[in-house]
Amino acid sequence: MADFGWAFLGCGNIAEQVAEQLFGERGMRIVSCWNRTPERARKFAGRFGGSACASAEEAVLADGVNAAYIAVTADKHADYIRLCLSRGVPVLCEKPFTVNTSEAEEAFALAKERGIYLAEAMWTWYNAPARTVRDWVRSGKIGKVVRVTAKYAERYIDIPRFLSPELLGGALVDIGVYPLRYAYELFGMPRGVVCRGELRGGVDVTEDIVLDYGDFRAEIFVSIEDPQGEEFVIEGTKGAIRVPYFHMAREAYLTGGENEHFEDDSPKYGVEFRRVAEEIAAGCAQSAFCPPQATLDTMKLLDECRRQLGLVYPCEK
């Protein structure tokens with residue numbers, strides 16, 4: 001690939017993890033960056049290259065920028081998506097994509113109107129482990145699915161961002177989005193959703209979510225204070241699939257009638273950014289790995305869970 005330049009909007013922990021992996025991806029570089037705290041942007045640029053800019057617009061319009069990566073707090077995603085698209089710059093935006101479905105629909109409508117690439121940075125589905133699991137399920141290697149269980153439960157309660165309603169804190173939209181999206185990618189939209197959980201200080205601490213698929217249910221547990229770990233399990237009439245740390249998996253296990261152990265040690269952010277860059281360079285208007293409809297449908301599931309929980313963010317009032 002020819003030299004592909006990125007503008008980073010937001011220079012926090014996720015942006016730093018991404019930038020570290022971009023060093024290993026040939027043909028890509030960070031051209032510019034911006035952060036609401038200028039000193040953090042300067043340190044980021046000093047470490048990873050590019051110019052620290054005084055404004056997000058300056059970063060987006062810097063010479064050599066081919067696309068923008070949005071890694072600010074989720075309450076501001078829609079604002080910076082609009083900024084980039086209005087300046088004609090393709091966008092890869094972190095999850096949760098927007099505050100709600102309405103914002104996401106507006107963003108994709110603007111991207112379609114202007115013919116500009118816009119995708120969610122749901123790195124799981126740019127990478128081989130999750131796509132291999134989906135192939136196993138669809139090819140019938142475990143037979144008819146009879147039960148699905150998933151958990152993403154880690155202790156994040158001590159991290160201030162997770163306790164802030166203003167920053168879309170809590171478990172559901174930050175980490176619960178991963179098992180919901182995983183189930184969606186494997187089985188589509190469920191017939192129904194039941195979500196029960198605990199709210200504390202304006203954020204959700206834990207959820208039990210049940211997705212009804214008719215012949216089976218997907219039972220999901222999400223928590224930011226009960227560290228039970230992370231795993232996705234699909235049981236079928238012929239076998240089962242187990243995926244440890246499924247949102248960033250390096251392996252997946254197929255057991256039963258067939259036995260396989262899939263391993264992939266590639267840099268997950270690096271693969272994601274390379275594939276996005278390739279799609280943009282090829283003139284694609286949307287991602288084949290993370291298409292708009294998948295993002296929109298997942299946002300609808302999140303909205304329904306929040307409705308049942310009575311969870312409304314201050315920016316929505």
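A: The salt bridges follow, pair by pair.

This is a predicted model, where local features need pLDDT of at least 70, side-chain atom pairs count only at pLDDT 80 or more, and totals for chains, interfaces and linings use all residues. Residues are numbered from 1 along each chain as its sequence is written, and side-chain values use heavy atoms, with hydrogens and water left out.

Side chains of opposite charge can pair when their charged atoms come close. The structure holds 28 salt bridges (a side-chain nitrogen of Lys or Arg within 4 Å of a carboxyl oxygen of Asp or Glu).

Take R82 and D79. Their side chains meet in a salt bridge at 2.6 Å, N to O. Both sit in helix α4 (residues 77-86), three residues apart, so about one helical turn separates them. Helices are DSSP runs of H or I, at least four residues, numbered from the N terminus. R82 is partly exposed at 39% relative accessibility. D79 is partly exposed too, at 36%. The cut-offs: buried is under 20% relative accessible area, exposed over 50%, partly exposed in between (1.4 Å probe, protein chains only).

Next, E316 and R306. Their closest N and O atoms are 2.8 Å apart. E316 lies in the segment after α9 (292-309) and R306 in helix α9, so the pair ties together parts ten residues apart in sequence. E316 is partly exposed at 29%, whereas R306 is buried at 5%.

R217 and E219 also pair, at 3.1 Å, N to O. R217 is partly exposed at 44%; E219 is partly exposed at 27%.

Finally, a network of salt bridges links E16, E20, R40 and R47.

How values were computed
Helices (H or I, at least four residues) and strands (E, at least two) are DSSP runs, numbered from the N terminus.
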